[in-house]
Amino acid sequence: KKGKGKGKGKGGGKMPHMLEPPVDSLGEWVPRESFKGSKSFGYFMCDCGRAWTTAHAWKDYRQGCQGCERMSHAVYMWENHGPPREKRDDDPEDKPHDTDRCEACRLGKCKRPNTDYYGGFRG
């Protein structure tokens, strides 16, 4: 029957569900191809069905899935529209970074501290 499902319309421009803003500032999720910056929050969807959001998405670099290890680009990236936000104590930028699955880290582009996903220093 018509009208029973989510996602009306045609094509691949629809989000899988309404994604929550990752920060308390003005902005919107945009398709990666339309993102004007180089790094921001990103929303990933893997072919295996797993999805995740990260504060360390690069427009031109991929991340590996924790479920199947496939590499993929962000599907959506957060475009800020307001003034820069103030750094908070619970800032997502301070959370552990999965350097093993970050293509930007492996290529020397990512400047995150060299920690593993569980927060241990790797040196």
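Q: What should I know before I start reading?
A: This is a predicted model, in which local features need pLDDT of at least 70 and side-chain atom pairs count only at pLDDT 80 or more, while totals for chains, interfaces and linings use all residues. Residues are numbered from 1 along each chain as its sequence is written, and side-chain values use heavy atoms, with hydrogens and water left out.

Q: What is the average pLDDT of the chain, and where is confidence lowest and highest among its elements?
A: The general idea first: pLDDT is the predictor's confidence in each residue, from 0 to 100. Here the chain averages 76, and 66% of the residues score at least 70. Helices (H or I, at least four residues) and strands (E, at least two) are DSSP runs, numbered from the N terminus. In the chain, confidence is lowest in helix α1 (residues 103-106), with a mean of 90, and highest in strand β5 (residues 71-72), with 96.

Q: Which stretches have pLDDT under 50, and how many contacts does the model have for them?
A: A contact means heavy atoms within 4.5 Å. For residues 1-13, where pLDDT stays under 50, the model has 3 contacts beyond four places in sequence. Residues 115-123 also stay under 50, and for them the model has 20 such contacts.

Q: In what order do the strands of the open sheet lie?
A: Strands of a sheet pair through backbone hydrogen bonds, either parallel or antiparallel. By the rule used here, two strands pair if DSSP finds at least two bridges between them. In this structure, 4 strands form an open sheet in the order β1-β6-β2-β3, with antiparallel pairing. Its edge strands are β1 and β3, each of which pairs on one side only. On average, neighbouring strands of this sheet are turned by 30 degrees against each other, direction ignored; the axes behind such angles are lines fitted to C-alpha atoms, for helices over the stretch in contact, and angles run from 0 to 180 degrees between N-to-C directions.

Q: How many bridges join the strand pairs, and which residues stand opposite each other?
A: Let's walk across the sheet. β1 and β6 pair over 5 bridges; Trp 29 stands opposite Trp 78 in β6, and Glu 28 has Glu 79 as its bridge partner there. Next, β2 and β6 are joined by 2 bridges, with Gly 42 opposite Met 77. Finally, 6 bridges join β2 to strand β3 (residues 51-58), where Lys 39 faces Trp 58 across the pairing. β2 and β3 form a hairpin with 5 residues between them, and Gly 49 in the turn has a positive phi of about 105 degrees.

Q: How many residues of β6 and of β2 are buried?
A: Buried means under 20% relative accessible area, exposed means over 50%, and partly exposed lies in between (1.4 Å probe, protein chains only). In strand β6 (residues 76-80), 4 of the 5 residues are buried, so this strand is largely enclosed by the rest of the structure. β2 is mostly covered too, with 5 of its 7 residues buried.

Q: Where is Arg 32, and is Arg 32 buried or exposed?
A: Look in the loop between β1 (27-31) and β2 (39-45). Arg 32 has a relative accessible area of 16%, so Arg 32 is buried. Leaving aside neighbours within four places in sequence, its contacts include Lys 59, His 73 and Tyr 76.

Q: Where does Ala 104 lie, and which residues are in contact with Ala 104?
A: Ala 104 lies in helix α1 and counts as buried because its relative accessibility is 0%. Beyond four places in sequence, Ala 104 is in contact with Trp 58, Tyr 61, Lys 109 and Cys 110. Ala 104 and His 56 are 48 residues apart in sequence and 9.5 Å apart in space, C-alpha to C-alpha.
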